[in-house]
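Open your viewer and get ready to select residues by number.

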Amino acid sequence: MIIMKFMEPMKNKRERRRLVGKLLFILYVAFLIYFLLFSDWYGRSPHLQYRYNLVPLKEIKRFWEYREVMGMYAVLTNLVGNILIFIPFGFFLPMGSAKKSFAVTTLLSFFLSLGIETFQLLTKIGSFDVDDLLLNTLGGIVGYLLYRVLSYIRRRMYEKETKAGKN
């Protein structure tokens with residue numbers, strides 16, 4: 001179906017943007033799944049026991065309190081990295097979808113993160129961390145807000161070009 005979509009002539013810029021958004025979204029999700037579940041670089045090796053944190057803000061607080069011991073790289077990778085990794089999700093989702101709702105983007109960010117964390121728990125690859133759910137969802141929200149700001153700027157520029165063309 002996607003191949004047929006490429007073969008059809010694009011009707012307008014909006015349709016092209018949406019198609020590009022869908023393709024980027026699919027590529028991003030494939031990267032995300034690989035990186036968070038299977039990448040050796042991110043420490044995704046099997047454990048013998050289940051590892052989890054169900055206490056909100058516990059790991060965030062621990063990383064911040066022991067930042068000198070752990071090193072800033074570990075702190076940034078965990079805290080900022082969990083936000084950054086979901087920003088594209090929050091950006092590409094409304095770009096490729098007709099539904100551009102804040103609530104939908106927030107819920108889907110949360111449920112994707114929940115799926116990843118649950119998979120990590122069940123397979124004993126990584127650990128289930130409620131703080132990751134919070135940080136990943138925050139990243140999806142930041143991505144959505146970035147999409148809305150850039151979309152607003154793009155619309156304003158288009159309006160200015162249209163007005164300038166009429167004069």
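Which side chain does the side chain of Asn 53 make a polar contact with? Select Asn 53 and Asp 129: their side chains make a polar contact at 2.8 Å. A polar contact is a pair of N or O atoms within 3.5 Å; within protein, one must be able to donate a hydrogen and the other to accept it, and residues adjacent in sequence count only if both atoms are side-chain atoms.

Before going on, note that this is a predicted model: local features need pLDDT of at least 70, side-chain atom pairs count only at pLDDT 80 or more, and totals for chains, interfaces and linings use all residues. Residues are numbered from 1 along each chain as its sequence is written, and side-chain values use heavy atoms, with hydrogens and water left out.

**Stop 1: around Asn 53**

Stay on Asn 53. It sits in strand S1, residues 52-53. Strands (E, at least two residues) and helices (H or I, at least four) are DSSP runs, numbered from the N terminus. The Asn 53 side chain also reaches the backbone nitrogen of Val 55, at 3.0 Å. Asn 53 counts as buried because its relative accessibility is 6%. Buried means under 20% relative accessible area, exposed over 50%, and partly exposed in between (1.4 Å probe, protein chains only). Now show the contacts of Asn 53, meaning heavy atoms within 4.5 Å. Leaving out residues up to four places away in sequence, they include Lys 58, Glu 59 and Phe 128.

**Stop 2: H2 against H6**

Select helix H2 (residues 13-37) and helix H6 (residues 87-96). Two packed helices are described by the angle between their axes and the distance between the axes. Here the axes come within 7 Å and cross at roughly 145°. Axes are lines fitted to C-alpha atoms, for helices over the stretch in contact; angles run from 0 to 180 degrees between N-to-C directions. The crossing of H2 and H6 is left-handed. That means the near helix is turned anticlockwise from the far one by less than a right angle; clockwise is right-handed. Color the contact residues: among them are Leu 24, Phe 25 and Tyr 28 in H2, and Phe 89, Phe 92 and Leu 93 in H6.

**Stop 3: aromatic rings**

The whole structure has eight aromatic pairs. Rings of Phe, Tyr and Trp (its six-membered ring) pair if their centres lie within 6.5 Å; planes under 30 degrees apart count as stacked, over 60 as edge-to-face and the rest as tilted. Show Phe 25 and Phe 89: a tilted pair, 5.3 Å centre to centre, with 45° between the planes. Phe 25 lies in H2 and Phe 89 in H6, so the pair ties together parts that are 64 residues apart in sequence.

Next, select Phe 31 and Phe 35. This pair is stacked, 5.5 Å centre to centre, with 15° between the planes. Both lie in H2, four residues apart, about one turn of the helix. Phe 31 is partly exposed at 43%, whereas Phe 35 is buried at 14%.

**Stop 4: the surroundings of H6**

Hide everything but H6, then bring the rest back. Nine of the 10 residues of H6 are buried, so H6 is largely enclosed by the rest of the structure. Its buried residues pack against H2, helix H5 (72-84), helix H7 (102-123) and helix H8 (130-166).

**Stop 5: H2 against H7**

Finally, select H2 and H7. They pack at about 35°, with axes 11 Å apart. Their crossing is right-handed. Leu 32, Leu 36 and Leu 37 of H2 meet Leu 112, Ile 116, Phe 119 and Gln 120 of H7.
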